Number of protein chains: 2
Amino acid sequence: MFDFTRVFPQDILPETGRWTGFPQFNFVGGHNDQTFIPVDALKASAAAILDQHGARLATYGLGDGPLGFLGLRKFLSTSLKARAGIAASVDEILLVSGSLQALDLVNQTLLRPGDTVVIEESNYGGVYSRFNRLGVKFVGVPTDEQGMRIDALETVLAALDKAGTRPRLIYTIPTVQNPTGTIMPENRRRGLLAAAKKFDLPIFEDDCYADLTFAGVRPPAIHALDTDGRVIYCGSFSKSVAPALRVGYLVASPEFLARALSYKTDAGSGALEQMILADFCSHAFDTHVKKLAAHLADKADFICAALDRYFGTSADYLRPAGGIFVWVKLPAAVDTSRLAEIAATKGVAINPGVEWSSADDARRHIRLCFGYGDKAMIDQGVRRLAEICQAEFGVPQQIGNKTDPQLM
Amino acid sequence: MFDFTRVFPQDILPETGRWTGFPQFNFVGGHNDQTFIPVDALKASAAAILDQHGARLATYGLGDGPLGFLGLRKFLSTSLKARAGIAASVDEILLVSGSLQALDLVNQTLLRPGDTVVIEESNYGGVYSRFNRLGVKFVGVPTDEQGMRIDALETVLAALDKAGTRPRLIYTIPTVQNPTGTIMPENRRRGLLAAAKKFDLPIFEDDCYADLTFAGVRPPAIHALDTDGRVIYCGSFSKSVAPALRVGYLVASPEFLARALSYKTDAGSGALEQMILADFCSHAFDTHVKKLAAHLADKADFICAALDRYFGTSADYLRPAGGIFVWVKLPAAVDTSRLAEIAATKGVAINPGVEWSSADDARRHIRLCFGYGDKAMIDQGVRRLAEICQAEFGVPQQIGNKTDPQLM
């Protein structure tokens, strides 16, 4: 038999592990609640949009060019203005295969090995893995309950400047920060822009959770406050409508998009998903995300209560202001990488902090996603996690053994 | 205003040109016939599959893992066996965002700057541009009406071997070769495998047009004849169902796919398109492609007749054995790059040979796609092209000025 390992390049990436199905208690991944997929509305939208534009599937990009289906770009142009204050024409919106493709395109356009990026100290694990693969260094900025700290950002930028290092960009998730779940207020957004201006840097604003704020309102996007055109913006329908739909968007000047497009080698992102979303969103987006956010807010309360119930004071967290995850700090005795490893063998999947943070206390943190599981899974999963943590690390000292009254 | 050109890396790719809509006479791109998109069947499939699996859109990859929707992999496992003789389990099939993503994944897995690939002398332009970007050298093998010439392949491989160069793979489009439109017969496929075995090389078989043979039959895939596991295979639904659907597939061993998956950083390809295709294909694929191929065969005859009518003996071509393009050789006086440039200004878009071939006479060739246009567009477009060619290069000497009787 031909042995491909003989012809693999030396720097080939490790294998992706075999798929073995979802764990019994799944607290990882950006999955959402199966009961909140608007199946009937998507069916109706599929029928309506195929009637209207189905024949155009015969042409790559539906004949609307490489930026993607015009109908969805029109919806976004209007919706981004109304929801985030962003003024972007349809020529400034590129539809992509999920916000991850937006990340990849911006990285390919701007970053090269050895470059430096400034980023929240705790951030999306997929961003770190991307930087590592690209040979890009990142400098973390401490965060608090309002997201990236601007005083700390200025300190970091000044130190880099003094060292003669010019970062390629500031990468930030200001609205429902991942993993901390915080929302950066408007004054801090203005501070971030001022710091970027002072050091003459571009900003990449990743807003993929921004539609899911529990309060139902959000500050204007940094892009909306930017008068210099230094902000590249991305968003997604994965969190707001359905993760398995791979549709996101990159918002930037036509000149920037013309560069990024040259790295988009896929002959367009899936048009049918764009078409169905365009129809669905035009009449149902706002009401859908309002309902979904309220449901997630309830689940956020529920998982916080479960943490209190089973971990007691051993679990330190901020109640998330939106989204689908909570960032939990455990006592110093706990090595969360080991906790995650053991928990995985017992059917509980969690994200250990070191994969989501470069902070000194990263190894004390875990990220728990509550979008996917129902309340019974959340209750029993957090309970089992507490039991595993107690058995291995001695904390929490006591575990309340009553399941949530809501479940009885 | 922030000037991004100041922060672009030195090796940034050139801008992608602004979209200006389709040309009046469009003979480029893999577009298909708008009248042959099965809109009603896709609508019915969307409704049926959303009823059945819609809620699963809440999870990335539908909970079927990174290989993609199991329903579509099951269809492919059965269909590839029946249509191409390929025995592949669902674990050997990776659903990707069009066969272009399959190309990118295989390239990223196997190729590094300075590597050499052996390829048909005339081939898909997007393959050449990919190799150029990657810094990969390619050596062309002459073709004839049966595709890649095995005697020539052996000469090329022996010469490389003598020079101490070990190619990373043999890349081939055996079934409806792009751009020549030929089908490699089974004995030559076996010869290709024997040559690959002799020089201990893997093969990448790109079969994205294979469902559109005009005779309705096809030889077994090279993958099907391979007893060594040296063939990586890819195919697509873009040509057989709809280009704007971005769904293709990579067929290889689970071990190879586990490597390729590590380069797939998009959290899965669009699931809804996979779902709709799975339902549609399970009952309609064979009848649909039979009808489509018959229609394309008629259009192939029509464009060949138009070439005869307007270019006379100045146009030398093989009638394609399938697919949506014809590869035309013009007299030595014609520089087709210049022809394409002038034609573009007059509303006629064609592919000049140098972008699709490394052969000595590449500049005498053009590729004309006939999938998209109706007969009136084909007739008038070929006529206008002949007029432009005559005005610029003096050939053809005479142009028949009667449009096709079918159109009157």
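Okay, let's start with a sheet in chain A: an open one with 4 strands, ordered S11-S12-S15-S14, and the pairing is antiparallel. Before I go on, keep in mind that this is a predicted model. At the edges of the sheet you'll find strand S11, residues 316-317, and strand S14, residues 351-352, and each of those pairs on one side only.

In case strands are new to you, they pair through backbone hydrogen bonds, either parallel or antiparallel. If you'd like one pair to look for on screen, take A:Val326, whose bridge partner in S15(A) is A:Leu368.

Now, what packs on this sheet? That's H9(A), which touches S11, S12 and S15 of chain A, and its direction makes about 20 degrees with that of S12(A).

The crossing of the two is left-handed. From H2(A), the contact uses A:Gly71, A:Leu72, A:Phe75 and A:Ser79. H9(A) brings several residues, including A:Met275, A:Leu277, A:Cys281 and A:Phe285. Sort that contact by class and you get 7 nonpolar residues, 4 polar ones and no charged ones.

Okay, zooming out. Chain A as a whole has 11 helices and 15 strands. Its radius of gyration is 22 Å, close to the 22 Å that the globule rule gives for 408 residues, so chain A is as compact as a globular protein of that length. Along its principal axes, the C-alpha trace spans about 60 × 60 × 60 Å. Buried residues make up 56% of the chain. And if you take contacts in chain A between residues at least 6 apart in sequence, 75% of them join residues at least 24 apart.

Last bit: the other chain. Here 75 residues of chain B are in contact with 75 residues of chain A. Which helix gives the most to chain B's side? It's H1(B), with 6 residues. Helices H3, H8 and H9 of chain B each give two or more as well. By class, that side of chain B has 40 nonpolar, 21 polar and 14 charged residues.

That's my tour, thanks!

Notes:
Residues are numbered from 1 along each chain as its sequence is written. Chains are lettered from A and ligands numbered from 1 in the order in which they are written. This is a predicted model: local features need pLDDT of at least 70, side-chain atom pairs count only at pLDDT 80 or more; totals for chains, interfaces and linings use all residues. A crossing is left-handed if the near helix is turned anticlockwise from the far one by less than a right angle, and right-handed if clockwise. Two residues are in contact if their C-beta atoms, placed from the backbone, lie within 7 Å. Ala, Val, Leu, Ile, Met, Phe, Trp, Tyr, Cys and Pro count as nonpolar, Asp, Glu, Lys and Arg as charged, and the others, Gly among them, as polar. Two strands pair if DSSP finds at least two bridges between them. Axes are lines fitted to C-alpha atoms, for helices over the stretch in contact, and angles run from 0 to 180 degrees between N-to-C directions. The radius of gyration is taken over C-alpha atoms; the globule rule is 2.2 Å times the number of residues to the power 0.38. A residue is buried if 20 or more other C-beta atoms lie within 10 Å of its own, exposed if 12 or fewer, and partly exposed in between; C-beta atoms are placed from the backbone.
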